[in-house]
Structure formats: C-alpha cells, structure tokens
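Colleague: I would like to learn how to read the features of a model like this one. Please give the general idea each time, then the case at hand.

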Amino acid sequence: MEKRSLYCVLHNDVEAVEMDWSKRVDIVKGIAHSLSYLHYDCKPAIIHRDATTKNVLLNSEMEACLSDFGIARLRNFSSSNETILASTYGYLAPDFAYTDSVTEKCDVYSFRVVALEIIMGKHRGELVSSLRFATTRNILRK
C-alpha cells in the first residue's frame with residue numbers, strides 16, 4: 001500500500017496535515033465496512049482481534065484496508081469461543097481483558113479507539129498524556 005499504515009500517516013506531520021475531515025471520515029467508514037464484512041458477511045464470522053492504526057493500510061487515494069489477520073479467529077456460535085487473550089495493549093476492551101471470550105465486541109472497542117485516534121490526530125497514549133498534562137497545568141495556574 002502506497003501510503004503505508006495509518007499509524008505512519010498520523011505520525012508524519014506533512015501527511016497528517018493532508019488528511020482533511022472528509023478523508024478522515026472516509027478512513028473511519030472504510031474500517032467500519034471492513035469490520036462489518038468480517039462480522040456479518042463472512043460465514044463463519046471472523047473476529048480480527050487486533051484492529052489498530054498499525055493494522056490499517058492506506059492506498060494512494062487514502063482508502064483504508066484492514067490488514068494483519070495473524071491473531072484473528074473464526075466465530076463459532078456452537079462453542080464457547082474461548083481462546084488465549086491476544087490484542088495490542090490499549091486497544092482491548094477492559095472487560096474482555098478478564099475473560100477468554102471472543103466476540104465481535106472486541107473489534108468494536110478497538111474500532112472506537114482507532115476512530116478517536118483518527119479524529120484527534122494523536123495516538124491514544126499521547127492523547128491521555130496531553131490531557132493529564134493540561135489538567136495539571138491548569139491546576140498549577142490557579
């Protein structure tokens with residue numbers, strides 16, 4: 001993919017500026033369509049389990065494609081869907097960190113984190129740090 005990963009684009013000042021709101025919305029829609037296809041159109045459904053900005057590739061027209069299905073699992077409604085916990089730290093829903101159950105909800109939480117990163121233009125860790133620093137600075141001023 002010509003533009004590399006979404007992570008690389010968001011962390012490159014020149015490329016990040018080129019991502020206007022319509023491109024960002026289209027990227028979010030592309031990821032949503034990819035996950036929807038995996039969850040509802042594939043039989044059996046596929047749970048990606050690692051939807052992150054590093055696993056979203058962008059082509060030359062900034063169209064998003066989900067990649068890296070290394071830890072993906074098939075959804076099997078007849079079994080318990082228990083598996084070893086696997087995902088990128090920070091993209092896994094806290095409630096799933098305490099269970100071995102794999103459902104589409106794992107991907108939905110990751111999608112929300114990725115969407116927030118796209119909207120804010122920052123990695124989730126940078127966002128939390130900047131909010132923490134801003135709060136501390138405001139308290140010190142008063």
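Modeller: Start with a term: a residue is called buried when its relative accessible area is under 20%, exposed when over 50%, and partly exposed in between. Note also that this is a predicted model. In helix α4, the buried residues are Glu104, Cys106, Asp107, Ser110, Phe111, Val113, Val114, Ala115, Glu117 and Ile118.

Colleague: What is the overall layout, and how many helices and strands are there?

Modeller: The protein has 5 helices and 4 strands. Along the sequence they come in the pattern α-α-α-β-β-β-β-α-α. The chain has 142 residues, and 41% of them count as buried. Of the contacts between residues at least 6 apart in sequence, 58% join residues at least 24 apart.

Colleague: How far apart are the end C-alpha atoms of α4, and what span should its residues give?

Modeller: The expected span is 1.5 Å times one less than the number of residues. Helix α4 covers residues 104-120, so its 17 residues should span 24 Å; the end C-alpha atoms lie 25 Å apart, in agreement with that. Just after α4, Gly121 has a positive phi of about 75 degrees.

Colleague: How do I read the pattern of sides on a helix?

Modeller: An α-helix has 3.6 residues a turn, so residues three or four places apart point the same way. Take Ile118, which is buried in α4. Leaving aside neighbours within four places in sequence, Ile118 touches Leu6, Arg24, Ile27, Val28 and Ile31.
Ile119 is also found in α4, but counts as partly exposed because its relative accessibility is 46%.

Colleague: Which residues form the nonpolar patch on the surface?

Modeller: The patch consists of Trp21, Leu116, Ile119 and Met120, which together have about 430 Å² of accessible area. Helix α4 gives the largest share, 3 residues.

Colleague: And on the inside, which members of the largest nonpolar core touch the most other members?

Modeller: The general idea is that in soluble globular proteins, nonpolar side chains tend to be buried together. Here the largest nonpolar core has 24 residues, and those touching the most other members are Leu6, Met19, Ile27, Ile31, Val56, Leu58 and Ile118. Two or more residues of this core come from each of α1 (6-10), α3 (21-41), β2 (56-58), β3 (64-66) and α4.

Colleague: Now the charged pairs. How many salt bridges does the structure hold?

Modeller: Side chains of opposite charge can pair when their charged atoms come close. The structure holds 2 salt bridges. One joins Lys3 and Glu18, whose closest N and O atoms are 3.9 Å apart. Lys3 is in the segment before α1 and Glu18 in helix α2, so the pair ties together parts 15 residues apart in sequence. A distance of 3.9 Å counts because the cut-off is within 4 Å.

Colleague: Which residue forms a salt bridge with Glu15?

Modeller: Arg4 does, with the closest N and O atoms 2.9 Å apart. This pair links Glu15 in helix α2 to Arg4 in the segment before α1, 11 residues away.

Colleague: Is Glu15 buried or exposed?

Modeller: Glu15 is buried, because its relative accessible area is 12%. Arg4, at 38% relative accessibility, counts as partly exposed. In the other pair, Glu18 is partly exposed as well, at 42%. Beyond four places in sequence, Glu15 is in contact with Lys3, Arg4, Cys8 and Val9.

Key:
Residues numbered from 1 in each chain as written. Predicted model: local features only at pLDDT ≥ 70, side-chain atom pairs only at ≥ 80, totals over all residues. Heavy atoms only, no water. Buried < 20%, exposed > 50% of the residue type's maximum accessible area, 1.4 Å probe, protein only. Patch = residues over 30% accessible without salt bridge, like charges linked within 9 Å, V, L, I, M, F, W, Y side chains within 5 Å. Areas by Shrake-Rupley, 256 points an atom, 1.4 Å probe, with all protein chains shown as cover. Salt bridge = Lys/Arg side-chain N within 4 Å of Asp/Glu carboxyl O. Core = buried A, V, L, I, M, F, W, Y, C linked by side-chain atoms within 4.5 Å. Contact = heavy atoms within 4.5 Å.
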